[in-house]
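Subject: Handover of a structure, with notes on its contacts

Dear colleague,

I am passing the structure below on to you, together with some notes on what was found in it. Please look through it alongside the text.

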Amino acid sequence: MTLSVRNVSKVLGGASVLSRLSLDVEPGRILAIVGGSGCGKSTLLRLMSGLDLPSAGDIALDGSAVVGPRAEIGLVFQEPRLFPWLTVRQNVGFGLDGRDARERGALVDQALERVGLGERAEAWPRQLSGGQAQRAALARAIVLRPKALLLDEPFSALDAITRADLQDHLLELWQAFRPTIVLVTHDVEEAVYLADEVAVMAARPGRIAETIEVDAPRPRERRTERLDAVSRRVARALDAAIQKRPAREAV
Amino acid sequence: MTALELPSAHAAEPDVRRRGSTVAGRWARPLLGLALPVGLALLWEAAVRAGLSDGRLVAPPSRIAATLVELARSGDLASHLAATAWRVAAGFGLGVLSGTALGALAGASTVVRRVVDPTLQGLRAVPSIAWVPLFILWLGIFEPSKIALIAVGVFFPVYLGVLGAIASVDRKIVEVGRIFRLSRLALVRRILLPAILPSYVVALRAGLGLGWMFVVAAEFMGASEGLGYLLVDGQQLGKPDQIVAIILIFALCGKLTDTVLVAATTPALRWQDVTGAEDR
Ligand SMILES: Nc1ncnc2c1ncn2[C@@H]1O[C@H](COP(=O)(O)OP(=O)(O)OP(=O)(O)O)[C@@H](O)[C@H]1O
Ligand SMILES: [Mg+2]
């Protein structure tokens with residue numbers, strides 16, 4: 001599904017958090033968003049999910065305006081936000097309420113397997129580590145196979161090996177269902193490895209400073225010359241976007 | 001390699017620790033808690049037997065036990081206990097129903113809260129016993145006024161508990177419900193109710209405790225039956241052993257009903273206990 005954001009502004013608590021921001025994600029593509037802390041990445045994802053409405057501008061999915069949460073759009077919050085009174089299995093199956101028990105169980109098992117949490121299915125959220133909770137939250141979203149998947153730093157609490165593992169699981173999932181994915185991350189290499197395109201955000205007000213195409217065929221290998229070159233470009237753009245702020249404020 | 005093994009090793013740990021502590025803790029803790037009262041009772045019994053005291057004002061355990069057996073055998077205990085239990089049940093039921101309904105309304109609607117809450121907070125400042133004369137004038141000296149007093153005592157902790165619980169529901173978790181496009185009803189049933197349940201149980205327990213407290217006050221004022229009546233009777237006829245016996249019955253009833261309430265709600269609150277359960 002095409003996700004399009006047109007001249008979107010958002011004012012929160014009297015401050016302009018996003019200003020005239022535009023971007024497009026073509027069906028089945030992966031867009032990564034990088035940017036300094038507090039530049040408005042989570043705010044943007046909330047708008048794209050329909051959870052909040054923009055102060056100005058339009059957000060559309062395949063041409064129809066997003067004015068509230070939709071079944072086709074999945075959002076994984078920056079925090080796991082699991083229901084503490086449900087087990088991991090019940091949390092993951094939360095959105096599958098209408099389905100019959102067998103189908104539901106199979107889908108949940110599959111999603112848990114994908115995020116490597118099969119063994120913790122009966123645990124309570126309180127018993128999970130930060131990274132396990134994050135993975136359960138991811139499973140809760142992917143089990144519904146949304147056509148557009150919005151991920152807010154989904155791997156930030158994971159060690160390097162589990163993180164690489166989950167990145168590959170995400171790519172497998174993407175290969176299988178081809179959802180349109182928007183992924184917020186602080187990790188430039190992660191962005192470049194996963195995405196077709198990387199959007200670099202600048203802060204105050206939040207806007208897209210630059211978008212960089214990742215022109216590398218899939219399946220990719222990590223840390224090839226080609227990806228490293230793109231990473232360096234993204235890192236430079238990110239530096240510039242973050243540095244610009246004090247310079248502008250000094251004027 | 002080690003990093004991949006870490007999650008499962010970490011995961012097994014809490015279960016092992018819990019199992020170890022429950023086996024030792026299940027018996028050790030209640031026994032420790034019993035040591036003080038049982039020890040004091042034995043000491044007092046010994047002191048009276050040794051002639052250090054005549055045990056007239058505070059009867060030794062053996063005489064209290066004899067009084068209890070006597071009360072139980074004559075059937076008095078059962079009928080008085082039934083009268084009191086019925087009053088507590090009726091007052092608790094009314095208080096819980098009204099407290100829950102008003103608390104939920106005030107929690108759900110800002111308008112209702114602004115209209116109702118200041119008045120209720122004002123009424124709460126009135127010592128509940130002060131209502132007694134009014135209730136007697138309105139409802140008469142018999143059951144209705146007694147039950148009304150108990151219901152008032154139960155109402156406030158339940159109302160405040162429900163209102164506070166609704167106000168403190170995590171907005172972030174409610175947002176997850178919105179992402180899943182739950183209807184209002186489903187949001188209440190699947191997210192608000194489970195989120196509120198722990199504090200609701202705390203409020204119910206507080207209300208139950210107050211129910212047992214207020215039944216005594218109610219029965220002090222002209223009852224012809226009930227455990228409170230036996231207390232007054234013991235005072236007027238100079239039977240301290242009967243008073244202490246009834247106090248013991250009250251302690252048992254309070255503890256027992258609280259335990260039943262906790263046991264009935266434990267299955268739904270199991271998720272809360274997975275950490276820190278040892279400290280309770
Ligand atoms: N409800 C709100 N009221 C006022 N200001 C807000 C609100 N929510 C967010 N902000 C502000 O908007 C800005 C962007 O917040 P946002 O959470 O989108 O940042 P972010 O890019 O996701 O940051 P991070 O990388 O740290 O997660 C921040 O400066 C934040 O203080
Ligand atoms: Mg954020």
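Predicted model: local features only at pLDDT ≥ 70, side-chain atom pairs only at ≥ 80, totals over all residues.

Residues are numbered from 1 along each chain as its sequence is written, chains are lettered from A and ligands numbered from 1 in the order in which they are written, and side-chain values use heavy atoms, with hydrogens and water left out.

**Domains of chain A**

Chain A is divided into domain 1 (3-72 + 147-250) and domain 2 (82-145), with bounds that come from an automatic or database domain assignment. The centres of these two domains, taken over C-alpha atoms, are 25 Å apart. Between them, 15 residues of domain 1 are in contact with 10 residues of domain 2, where contact means heavy atoms within 4.5 Å. The area buried between the two domains is about 1100 Å², and carbon and sulfur atoms give 66% of that area; buried area here is the accessible area (1.4 Å probe) that two parts lose on being put together, summed over both. On the side of domain 1, Leu166(A), Leu173(A) and Phe177(A) lose the most area to domain 2, together 36% of what that side buries.

One salt bridge is counted between the domains of chain A, the term standing for a side-chain nitrogen of Lys or Arg within 4 Å of a carboxyl oxygen of Asp or Glu. The side chains of Glu172(A) and Arg114(A) also meet in a salt bridge, at 3.7 Å from N to O.

**Interface of chain B and chain A**

Turning to the two chains, 27 residues of chain B are in contact with 31 residues of chain A, and the area buried between these chains is about 2800 Å², of which carbon and sulfur atoms give 64%. Four salt bridges are found across this interface, and the side chains of Arg190(B) and Asp97(A) meet in a salt bridge at 3.5 Å, N to O. The elements that give two or more residues to the side of chain B that touches chain A are helix H1 (2-49), helix H7 (171-179) and helix H8 (184-220) of chain B, the helices being DSSP runs (H or I, at least four residues) numbered from the N terminus. H1(B) gives the most to that side, with seven residues.

With best regards
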